[in-house]
Amino acid sequence: MASTSRTPTRRGRGRGKGRGRGGRGDGSSSLPPPPSTLPLIIEEFFIVVYEDPLVKKALPKKFADYLDGQEPAKVYLRAADCGPRLWTVEVLFDGQGRMYLDKGWENFAIAHGVDFGCFVHFKYEGDDVLTVKVFDGTMCRKYYYSDDDDTDDESDDDVKPCIHPL
């Protein structure tokens, strides 16, 4: 009996030379540039509330670095899904590159139910505006809406909480 040898065959796509995952087949690399050559873009970040939720809050140093030497005296917080109101919050810098939300943060935190164990997500919108989402200790987002069209920054002393829909 004569034995025949079978040559294994490839199945599927990618039979061209030099065409592995994501390859273009022309020998060039499809890998992204190394991280050191990418621009630093910090548009979103979060903080976890481990201590008193009403005292000043430190923001990530990378976000302060992203501002590239600009040290705004205040930022404007907008609660996602809570109307157009902007909450004015003063900002402190400690001289070592750390940035803190200070006066005005307490009112925002009270109105939006920021408490121990909350995750607070920030998205930088430009022009010193941060959109904020609050997640409770169960990692579920707190949804709020406002029946107040008040956009007057001077009214921050009168804490008018957003209304929880549930």
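The side chains of Lys61 and Asp65 meet in a salt bridge, with 3.2 Å from N to O; the term denotes a side-chain nitrogen of Lys or Arg within 4 Å of a carboxyl oxygen of Asp or Glu. A search of the whole structure finds one such salt bridge. The model is a predicted one, in which local features need pLDDT of at least 70 and side-chain atom pairs count only at pLDDT 80 or more, while totals for chains, interfaces and linings use all residues. Residues are numbered from 1 along each chain as its sequence is written, and side-chain values use heavy atoms, with hydrogens and water left out.

What separates the two partners along helix 1? Lys61 and Asp65 lie four residues apart in helix 1 (residues 61-66), and therefore about one helical turn separates them. Helices (H or I, at least four residues) and strands (E, at least two) are DSSP runs, numbered from the N terminus. Lys61 is partly exposed, at 38% relative accessible area, and Asp65 is partly exposed, also at 38%. Here buried means under 20% relative accessible area, exposed over 50%, and partly exposed in between (1.4 Å probe, protein chains only).

Two loop positions complete the picture. Gly69 sits in the loop between helix 1 and strand 3 (74-79) and is exposed, with a relative accessible area of 69%. Its C-alpha atom is 9.0 Å from that of Gly97, 28 residues away along the chain. His112, in the loop between helix 2 (105-111) and strand 6 (119-126), is buried, with a relative accessible area of 2%. Between the C-alpha atoms of His112 and Cys82, 30 residues apart along the chain, the separation is 9.5 Å.
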